[in-house]
Amino acid sequence: MSPTPSIMSQPSEAGRFGEFGGRFVPETLVPACQELEAAFTEAWADPLFRGELDAILKEYAGRPSILTECHQLGARLGIRLLLKREDLNHTGSHKINNVLGQTLLAKRMGKKRIVAETGAGQHGVASATAAALMGLECKVYMGAVDVERQALNVFRMKLLGAEVEAVHSGSRTLKDAVNEAMRDWVASVESTHYCLGSVMGPHPYPWMVREFHRVIGDEAFAQCQDRIGDVPDVVVACVGGGSNAIGIFSGFVDTRARLIGVEPAGGAAVGRGQPGVVHGMRSYLMQDEYGQVLEAHSVSAGLDYPGVGPEHSYLASIGRAEYPTVTDAEVIEAFQLMARTEGIIPALECAHAVAWITREAPKMQGQTILMNLSGRGDKDVGQMMEILG
Amino acid sequence: MSGLDRLETRLRASRDAGRKLLVPYMTGGLPGWTDGVRAAAANGADVIEIGLPFSDPVMDGPVIQEASQKALDSGATPVSILEEIRTLDVEVPLVVMCYYNTIHHPGHQRFASMLESAGVWGAIVPDLPLEESGPWCEAADTHGVSTIMLAAPTAPDARLPRICARARGFVYSVGLLGVTGERTSLASTATELARRLKAVTDVPVIVGVGVSNAEQAVEACRVADGVVQGASVVRRFMASGADGVGDYVAEVRQALDRGI
């Protein structure tokens, strides 16, 4: 008898996770998506490619990332709290895992240029970094609102040799940066790879980006076995598009652990959305009564997105993962709490996970909670300085 | 459905009579937009494409993006635009251009029925490629709405006959690698793809995206059966209203009629 397939196995041939996903792109991009799917499928099965990627992840990105126990905060909340320290990767977030995978693949496909979208700037910085390393030209689209609130990351990208274009259309945040990156790709598809930054977009991106982040869950699973001899009771991560959450969920989806993806109250695609189609995928989406996509509003630029990756919609629809929300006020509180109690400044995105844990701790007394600390908060210090006065 | 649909029948008849097909585009819901449609109809349009504005128009360049945003800001919705279409007194067939979520949200059957009762002949859905188009196309067929399929320069040869087989009304031959908007010259891909399509289908082939003036329209029509005029029409409408549209459509019409 063959073993039961994982809940997070390969999507269907049409790129579906249950009824979510797909490939809703302009005709111009269909051959590129097909070519990418074939190239990734082949590379992912090639030990040489895997070996090369593993070596870069280790020697350049600094993997494996460590597991840190929060003794003070855990004691205060009455739980055992473990952090998967993706903030310690090179460039300061989990985004580097995906970007190194995609740029290595882009080179293998003979592409000379990458385009990327970015919200908080973490994916943009990671893309600019990998492009510098691999000798690729790089252009990053970033909403004008985010350019303003993440000025430091904009400068970092430029230092790394990338061109950054501020996007002034629509809500001038992540959603519009994706639109503009897609428009660029439609025009440049023959020479350019679209280095999409989350588990979203048209097939094969949600699947491919998940596979590049699977390393987070694989490492964390082994580290938990080592440290606590068991799986944690709860695995928590923040969700915008959902790449860091998918990464850590992948290690625990077939265990008894509860999976929690925390969305911002102002960008709750699963919590407040309905199935819709934008950016190449069918997934939960915040939209009005006519299907116009609503603007998300969150203190965190990285989660300011009205949609969510299709596999999250699937996990929600089958009840395997839960997607609660936290407010900006709770997030700002949690950001400071982690800094003061543990000496770790989390990215505002991750502070969403901290906020949920803090709020729900009374119902989880004595339990072990694993949280993906997917990015460091240095980039948010300027913004917090303004908020806190 | 049996035989050809009414849009294809009509366009074939015009083509076979030696006429090049002219398809001006208007963003629905812009203040005064129905006057723009009337002006296009009165000055030689064969079909008029009406854009239903969407919050995230990934196939559109700056001009149509701006028009869409303006229409949305003035309160336009798919329902309000279809209601205006219903009462629009023009003889020229009207088709809509809409992004797929505009269809997906109400549902395929319901949206097809909304188009049918508004008197819309066809639909162009730029983010619904062949592989994802089945359920919508079936619903549209049921309601007598022609789904106009797009073909892009990146398509390998084997893909084109499959697209043409699914096309109703005409095939929208995407003129270049890129989004809608005016360019200084016609891309070589415009006539290349039209030629490849003409080699595999007898469905009318109409080039759109990047056909920017009368001269480029004539150039495209040396191979193709017609052209869509999008950003060039919308820009004139926003600058000088329905008169600007009427003058421009008449100019392209005359060029096509004498040009070949």
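**Close-up views of a predicted two-chain model**

**View 1. The antiparallel sheet of chain A, with one of its bridges picked out.** In strand β12(A), S283(A) is the bridge partner of G276(A). Helices (H or I, at least four residues) and strands (E, at least two) are DSSP runs, numbered from the N terminus, and two strands pair if DSSP finds at least two bridges between them. The model is predicted, with local features needing pLDDT of at least 70 and side-chain atom pairs counting only at pLDDT 80 or more, while totals for chains, interfaces and linings use all residues. Residues are numbered from 1 along each chain as its sequence is written, and chains are lettered from A and ligands numbered from 1 in the order in which they are written. Strand β11(A) is joined to strand β12 (residues 280-285) of chain A by five bridges, and the two run antiparallel. They belong to an open sheet of four strands in the order β1-β2-β12-β11 (chain A). Because β1 (16-17) and β11 of chain A stand at the edges with a single partner strand each, one side of each has no neighbour in the sheet. Helix α12 (residues 310-317) of chain A packs on this sheet, where it touches β1, β2 and β12 of chain A, and its direction makes about 40 degrees with that of β12(A). Here two residues are in contact if their C-beta atoms, placed from the backbone, lie within 7 Å, and axes are lines fitted to C-alpha atoms, for helices over the stretch in contact, with angles running from 0 to 180 degrees between N-to-C directions.

**View 2. The parallel sheet of chain B.** Nine strands form an open sheet, and their order is β5-β4-β3-β2-β1-β9-β8-β7-β6 (chain B). At its edges are β5 (146-148) and β6 (150-151) of chain B, each of which pairs on one side only. Strand β3 (residues 94-97) of chain B and strand β4 (residues 122-124) of chain B run parallel and are joined by three bridges; M97(B) stands opposite I124(B) in β4(B). Helix α3 (residues 62-73) of chain B packs on the sheet and touches β1 (21-27) and β2 (48-51) of chain B, its direction making about 50 degrees with that of β1(B).

**View 3. Helices α4(A) and α9(A) where they pack.** Helix α4 (residues 95-108) of chain A packs against helix α9 (residues 205-228) of chain A at an angle of about 130 degrees, with the axes 8 Å apart. That makes α4(A) oblique to α9(A), where angles under 35 degrees count as roughly parallel, over 145 as roughly antiparallel, 65 to 115 as roughly perpendicular and the rest as oblique. From α4(A) the contact takes N97(A), N98(A), G101(A) and Q102(A), and from α9(A) it takes V209(A), F212(A), H213(A), V215(A) and I216(A). By class, this contact has four nonpolar, five polar and no charged residues; Ala, Val, Leu, Ile, Met, Phe, Trp, Tyr, Cys and Pro count as nonpolar, Asp, Glu, Lys and Arg as charged, and the others, Gly among them, as polar.

**View 4. Helices α13(A) and α14(A) where they cross.** The axes of helix α13 (residues 328-342) of chain A and helix α14 (residues 348-360) of chain A come within 8 Å and cross at roughly 90 degrees, and the two helices are therefore roughly perpendicular to each other. Among the residues that meet are V331(A), F335(A) and M338(A) in α13(A) and L348(A), V354(A) and R359(A) in α14(A). The contact divides into nine nonpolar, two polar and three charged residues.

**View 5. The two domains of chain A.** The assignment, which is automatic or from a database, gives domain 1 (17-57 + 95-205) and domain 2 (64-93 + 214-388) of chain A. Their C-alpha centres lie 22 Å apart, and the contact takes 35 residues from domain 1 of chain A and 39 residues from domain 2 of chain A. On the side of domain 1 of chain A that touches domain 2 of chain A, β2(A) gives the most, with five residues.

View 6. Most residues other than glycine have a negative phi, and most peptide bonds are trans.
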